[in-house]
Amino acid sequence: MSGFSPADNLFMGRALRLARRPQQPPHPNPAVGCVLVRDGLIVGEGWHERAGEPHAEAMALHRAGEQASGATAYVTLEPCSHHGRTPPCSEALLAAGVVRVVAAMTDPNPQVAGRGLRRLRAAGLEVATGLMAEQAAALNPGFTQRMRTGRPWLRLKSAASLDGRTAMASGESRWITSPQARADVHRWRARSDAMLTGIGTVLADDPRLDVRDAGIEAPRQPRRCVLDRDLRTPADAVLLRGEGATLFHGPDVAAGQIRRLTDAGAHCVALPLADGRLDLGAALDWLGGQGCNEVLVEAGPTLGGALSRAGLVDEWLLYLAPHLMGDAARPLLHWPGLETMSQRQPLRVQDCRLVGPDLRLTLRLGSGT
């Protein structure tokens, strides 16, 4: 963006790298990095490690000490202006004597939404925004979407053979992908606030839906959620152990069924129906209301297809294994009604990389051309 110097770009790039430093995002808060520069030298830097702990600006100011006076602050997100679990960062910058603030983007949180920047300008500081805004927004897609729409960012994870098959006709599916790909999935689980699956997967696989092999010491476990209209989840299901799971069910389930699973550790949440099925949008609204920024879906072709048809998938993680399973095997998605080339669903490749012997594609809806 015009108006910014090479030094501005250099230091904002450093702030973006700092924001990525925590092993897990500080959900429900956004990931933020801050660099304090005085006379061309970095005098302090910080990042937001986890919710409830000091924000990036506070960490950078603490490290800079008296050298923060007269400095420029480069922050990946507008400094907050409201009292939460920590004091407002905009006031801390003013108190430290910072004279210029460069923010990559304004905060989509309605409690901030430009007020922090206006407070700094009113106090006489030089304020600039928009430097590397796209990269900054990519740090927190879920936080931004939740602030703007109330819904979290939804990723659909799928694993398939090169001919697009996810299980043999018998249902056998372990393992389609390599140990390296499965470990990579656990890293995506670790950055998610919630995991979502369908009752079919629970009955077929009895999954744990937890983080185990992400290379993170004492990882924060995501909320485990199941779409189970008729509450068929077994009381001894593995995912009900420990902190339990959230079971989304229909409005006509008997009280005895709810009590049975509540006693087993479930949190049962009633959802309205849409065309005879659980309202998937209502499930996302509920998760957004619980402060979930990112949701990872690991499910079979039925739920994956339903979410895709409803336009609720924001990003698709597709792991392709270098083998063939034949046309009798089960498909990637259940998506009836696609009969002509004009009905194809276009996708845009965001990223493509090898994970062990497998290929991981990151895709979003939209034209691939």
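Student: How many salt bridges are there between domain 1 and domain 2?
Tutor: The count is zero. Keep in mind that this is a predicted model.

Student: Which residues belong to each domain?
Tutor: The domain assignment gives 6-139 for domain 1 and 144-365 for domain 2. Their C-alpha centres lie 35 Å apart.

Student: How many residues are in contact between domain 1 and domain 2?
Tutor: Eleven residues of domain 1 are in contact with 15 residues of domain 2. Between them the two domains bury about 1100 Å², with 47% of that on carbon and sulfur atoms. On the domain 1 side, Gln24, His27 and Pro108 supply 51% of the area buried against domain 2, more than any other three residues.

Student: You named His27. What is the peptide bond from His27 to Pro28 like, cis or trans?
Tutor: That bond is cis, with omega near 10°. Pro28 sits in the loop between helix H1 (6-19) and E1. As a general point, most peptide bonds are trans.

Student: Then on to E1, residues 33-38. Why is E1 called largely enclosed?
Tutor: Because five of the six residues of E1 are buried, the strand is largely enclosed by the rest of the structure.

Student: In which sense does E1 pair with E2 and with E3?
Tutor: E1 pairs with strand E2 (residues 41-47) in the antiparallel sense, over six bridges. With strand E3 (residues 72-75) the pairing is also antiparallel, over four bridges.

Student: How many residues lie between the strands in the hairpin of E1 and E2?
Tutor: Two, and Asp39 in that hairpin takes a positive phi near 55°.

Student: Where else is phi positive in a residue other than glycine?
Tutor: Asp206 is one case, with phi near 50°. Asp206 lies in the loop between helix H8 (199-205) and E9. Leu231 also has a positive phi, about 50°, and is found in the loop between E9 and E10.

Student: Asp206 and Leu231, then: buried or partly exposed?
Tutor: Asp206 is partly exposed, with a relative accessible area of 34%. Leu231 is buried, with a relative accessible area of 2%.

Student: Now E10. How many residues of E10 are buried?
Tutor: Five of its five residues, 245-249, are buried. Ala245, Leu247 and His249 are on one side, with Thr246 and Phe248 on the other.

Student: Which strands pair with E10?
Tutor: Strand E9 (residues 223-227) pairs with E10 in the parallel sense over three bridges, and Cys225 stands opposite Thr246. Strand E11 (residues 266-270) also runs parallel to E10, joined by five bridges. Phe248 has Val269 in E11 as its bridge partner. From E10 the chain crosses through helix H9 (residues 255-263) to E11, and this β-α-β crossover is right-handed.

Student: Last topic, helix H6. Which residues in H6 are buried?
Tutor: Pro141, Gly142, Phe143, Thr144, Gln145, Arg146 and Met147 are buried. Seven of the nine residues in H6 (residues 141-149) are buried, so the helix is largely enclosed by the rest of the structure.

Student: What covers the buried residues of H6?
Tutor: The cover includes helix H5 (133-139), strand E6 (153-161), helix H10 (280-289) and strand E14 (294-298). Just after H6, Gly150 takes a positive phi of about 85°.

Notes. Residues are numbered from 1 along each chain as its sequence is written. This is a predicted model: local features need pLDDT of at least 70, side-chain atom pairs count only at pLDDT 80 or more; totals for chains, interfaces and linings use all residues. Side-chain values use heavy atoms; hydrogens and water are left out. Buried means under 20% relative accessible area, exposed over 50%, partly exposed in between (1.4 Å probe, protein chains only). Two strands pair if DSSP finds at least two bridges between them. A crossover is right-handed if, with the strands pointing away from the viewer, the path from the first strand over the helix to the second runs clockwise. Domain bounds come from an automatic or database domain assignment. Contact means heavy atoms within 4.5 Å. Buried area is the accessible area (1.4 Å probe) that two parts lose on being put together, summed over both. A salt bridge is a side-chain nitrogen of Lys or Arg within 4 Å of a carboxyl oxygen of Asp or Glu.
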